[in-house]
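User: I would like to learn how to read a few features of a model. Where do we start?

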Amino acid sequence: MQANPVTRYFRQFPLTDRITYWYDLRAGMFFGLFNGLAITFTGFMDSHMLTLLSMSSFIGLLMNVWIGHLSEKGDKSRWVVWPGVISRFLVCLALVWVSPIAFLIVMSAYNIIATFTGPAYNSIMRSNYSNRHRGAIMATIRIVVQIMSAMAAAAAGWFMEATPIGHQILFPVAGVLGVCSSLTFGLIKVRKLPAAVPAAGASVLPHGFRASLALMAKDRLFMVYMAIYFIVGFPDKLLVPLEPIRWVDELGMNYGAAGLIQGTIPLLGAMTGYFLFIKFSHKVSPFILLGVTSLLASTRFINTALATGPYQLIPGAFLNGMGNAGWDLVPLFSIMLFVGHEKLPLYFGFFSTLVGVRGVVGPILGNLMYSAGLPIVSIYWLAFWLELGGVVLLIGFLFYFRKRKHTIAAH
């Protein structure tokens with residue numbers, strides 16, 4: 001009897017990948033529904049509250065290097081499950097409606113606590129999936145999440161129009177679905193990879209937080225990469241407080257154009273990017289993929305600087321959406337080249353902390369430049385050239401990294 005298409009699809013993966021994939025995919029479907037229902041309600045907030053809400057995620061990321069240190073020593077599954085359960089349970093309370101301020105507090109707490117899962121989650125992705133299939137599986141799950149989010153958001157919007165108290169029903173439902181996602185992910189059994197054997201005469205790895213940071217700081221190649229990544233990841237943060245002004249006041253964007261350019265087009269771009277990532281992730285260096293991601297991101301800057309109307313932003317929105325797949329997946333795959341699985345949570349936590357720094361400093365700096373009289377278009381051009389400069393540095397780093405790896409291998 002011939003197997004059905006779903007069975008045939010899963011059989012292409014090794015058994016260890018297949019088991020994790022089954023639970024990871026189901027958790028992703030629950031998360032997509034949760035995300036689609038929850039994001040519907042940001043319209044209750046004014047621009048200042050939205051700014052504070054967006055910054056709360058970066059505040060949580062600032063703590064990720066410490067969270068990474070804790071999770072590398074503890075139960076990684078619990079570090080994914082319990083912050084997820086707690087943060088998503090809070091969402092159940094967000095619109096048992098009291099006031100917009102209460103909503104801001106609850107959703108900011110969600111954003112902060114949700115970031116604590118990152119280091120342990122990426123460590124599990126490293127240990128439980130084979131190198132050959134990791135990129136394809138993670139990209140596929142993210143495509144499913146995007147589709148489920150879009151469907152849930154559309155359904156929630158319709159339900160809100162039809163039911164005056166829709167938010168009091170949908171938000172608890174969203175929270176329950178989010179908790180189901182975390183609990184389903186918790187069914188994954190974390191694989192125990194063999195510990196690296198220290199060289200003769202080598203000192204024992206430190207266990208304290210400061211000692212671990214000091215040891216990581218000695219990894220000069222990684223630190224150079226983090227500096228370059230900081231540059232390529234910084235330009236879009238400059239524009240966070242300025243994009244609404246550019247789009248609405250200068251380009252005359254209305255609600256219809258905003259939904260298309262901020263929602264539909266980036267979603268289609270991201271799905272295209274994930275499909276390409278499935279094809280090339282195991283064939284192309286993560287550093288090359290990061291360079292491509294940065295170039296795709298740069299198109300949005302130059303497109304927005306040159307545009308004279310909102311619909312001219314479509315090409316940049318689509319290409320930047322493609323780049324979002326790289327921003328999502330490249331960090332894990334590139335950081336894995338520097339460190340073994342034992343220290344991956346710490347290294348990824350440090351990376352996430354730098355994301356938090358960019359997210360806090362960038363908007364402040366962008367607003368200061370605008371307040372000092374620099375036109376928004378000029379700041380977009382500055383972001384574009386800064387992105388290209390980071391790509392040039394990345395190309396140089398790629399050659400140096402390959403040369404150093406060949407030198408180490410020769411010895």
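Analyst: With burial: buried means under 20% relative accessible area, exposed over 50%, partly exposed in between (1.4 Å probe, protein chains only). This is a predicted model: local features need pLDDT of at least 70, side-chain atom pairs count only at pLDDT 80 or more, and totals for chains, interfaces and linings use all residues. Residues are numbered from 1 along each chain as its sequence is written, and side-chain values use heavy atoms, without hydrogens and water.

User: How many of the 28 residues of H17 are buried?

Analyst: Helices (H or I, at least four residues) and strands (E, at least two) are DSSP runs, numbered from the N terminus. In H17, 20 of the 28 residues are buried, so this helix is largely enclosed by the rest of the structure. Gly373 follows H17, with a positive phi near 105 degrees.

User: At what angle do H4 and H10 pack?

Analyst: Axes are lines fitted to C-alpha atoms, for helices over the stretch in contact, and angles run from 0 to 180 degrees between N-to-C directions. H4 (residues 64–73) and H10 (residues 209–217) pack at about 105 degrees, axes 11 Å apart. Contact means heavy atoms within 4.5 Å. H4 contributes Val65, Trp66, His69 and Glu72; H10 contributes Phe209, Ser212, Leu213 and Met216.

User: How many disulfides are there?

Analyst: A disulfide is a covalent bond between the sulfur atoms of two cysteines. Here the test is a pair of cysteine sulfur atoms within 2.5 Å. The count is zero. The sulfur of Cys92 is 9.7 Å from its closest cysteine sulfur, in Cys180, too far for a bond. Cys92 is buried at 12% relative accessibility; Cys180 is partly exposed at 28%.
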